[in-house]
Amino acid sequence: MEPTKRPYRVEAPENDASDLRFVSAKDVSAALRARFGSPNYRPPLLPVVAMEVMSLSHQRDASADALAELLSKDPMLAGRVLHLAQSPVYSGQSPIRSVRQAVVRLGLATMRDVVMEVAMNLRIFRAPGFSTALEQLRRHSTTVAYLSRAVCRFAAFESELAFLCGLLHDVGIAASLVVLAEDPELRSIGVEHVLTAVDEVHCEATGQLARIWKLPLETHVVLERHHTLRIDGHVHPLIAVLAVAEELAVEAGGAVALTGETGTRFLLDQDGPARLTTACEALRLNDKMLGELRKEAARMLAAATL
């Protein structure tokens with residue numbers, strides 16, 4: 001039987017004699033769902049050029065020149081993309097000196113991933129009053145993205161969308177924090193209720209953003225149900241990839257863990273080792289492979305690019 005997602009967990013500080021406790025945040029959850037479901041909801045917007053790059057990367061006849069020309073329309077985005085493409089993760093032994101050279105070296109699919117990573121950092125992981133939470137979320141999401149690509153390599157599972165799904169799987173948390181940052185009344189309810197609600201609704205919010213942003217159709221189910229390993233009775237391989245990547249990121253210190261006013265520690269988006277075991281079995285990852293992936297997770301979190 002598939003392990004179910006744990007309830008939102010609150011850890012008492014060490015000097016508190018109480019054990020784990022659970023909180024309810026139905027009012028905040030309902031308010032967030034109402035906001036996301038409203039026809040007046042305006043989601044965080046990705047740069048237009050990033051969305052055009054996404055579309056271009058799925059065209060069979062797309063060229064390096066066409067992608068480079070697209071990026072030239074947004075100099076800030078292009079500059080950040082070139083900077084990231086020159087990092088040790090991508091650049092290889094010789095430096096990359098132009099956007100077109102980066103496209104030729106990395107290929108359209110990888111360049112799409114680089115553009116999306118830069119676009120997320122520029123626009124999505126930002127909300128007044130939640131800078132610490134969103135920085136942790138950015139590091140977590142970026143680590144899961146790179147680990148998802150690595151898991152596919154170890155599992156001999158081909159998915160050009162693994163990086164994208166890893167990067168965006170928790171974007172509903174960011175969207176929820178943006179809504180809360182814009183609504184002082186919701187924020188005043190209390191950090192326990194607010195964070196509980198965010199954890200509860202983030203999968204739905206992520207799925208809605210995938211549709212609004214017109215991401216590839218095959219990502220919609222994965223993003224909206226990334227805590228549900230089995231779809232129609234079978235383990236979904238890409239969700240299994242995300243499960244492994246996410247758990248290893250958390251193990252390596254890449255969790256989204258926030259401390260409230262009283263010293264209580266809130267852990268967002270947690271599933272636990274049982275789900276990792278099920279996912280590894282489905283992907284046929286052995287202990288040696290898992291050990292290598294754990295080392296990679298540590299390296300990624302320590303890298304300056306994350």
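Guide: Helix H13 gives the most to the lining of the largest cavity, with three residues. Helices here are DSSP runs of H or I with at least four residues, strands are E runs of at least two, and both are numbered from the N terminus. This is a predicted model, where local features need pLDDT of at least 70, side-chain atom pairs count only at pLDDT 80 or more, and totals for chains, interfaces and linings use all residues. Residues are numbered from 1 along each chain as its sequence is written, and side-chain values use heavy atoms, with hydrogens and water left out.

Back to the cavity: the lining is made up of Ala243, Glu246, Glu247, Asp269, Gln270, Asp271, Gly272, Arg275 and Leu276. Two elements, H13 (237-251) and H14 (273-283), each give two or more residues to that lining. A cavity is a set of points on a 1 Å grid over the protein atoms alone where a 1.4 Å probe fits but cannot get out, and lining residues have an atom within 4 Å of a point. By residue type, the lining splits into five charged, two polar and two nonpolar. Asp, Glu, Lys and Arg count as charged, Ala, Val, Leu, Ile, Met, Phe, Trp, Tyr, Cys and Pro as nonpolar, and the others, Gly among them, as polar. The volume is about 50 Å³, taken as the space filled by probe spheres set on the points, which are joined across faces, edges and corners. Two cavities reach 30 Å³ or more.

Now the core. The largest nonpolar core has 104 residues, and Leu32, Leu71, Leu77 and Val244 have the most contacts inside it. Such a core joins buried Ala, Val, Leu, Ile, Met, Phe, Trp, Tyr and Cys residues through side-chain atoms within 4.5 Å; buried means under 20% relative accessible area, exposed over 50%, and partly exposed in between (1.4 Å probe, protein chains only). Beyond its neighbours within four places in sequence, Leu71 is in contact (heavy atoms within 4.5 Å) with residues including Val49, Leu77 and Met111.

As for salt bridges, there are twelve, each with a side-chain nitrogen of Lys or Arg within 4 Å of a carboxyl oxygen of Asp or Glu. Glu135 and Arg138 form one at 2.9 Å, N to O, and both sit in helix H7, three residues apart. Glu135 is partly exposed at 36% relative accessibility, whereas Arg138 is buried at 13%. Asp113 pairs with Arg112, with the closest N and O atoms 3.2 Å apart, and both of these residues are buried.

Terms used. On a 1 Å grid over the protein atoms alone, a cavity is a set of points where a 1.4 Å probe fits but cannot get out, and a pocket is an open set with protein on both sides within 12 Å along at least five of seven lines; lining residues have an atom within 4 Å of a point.
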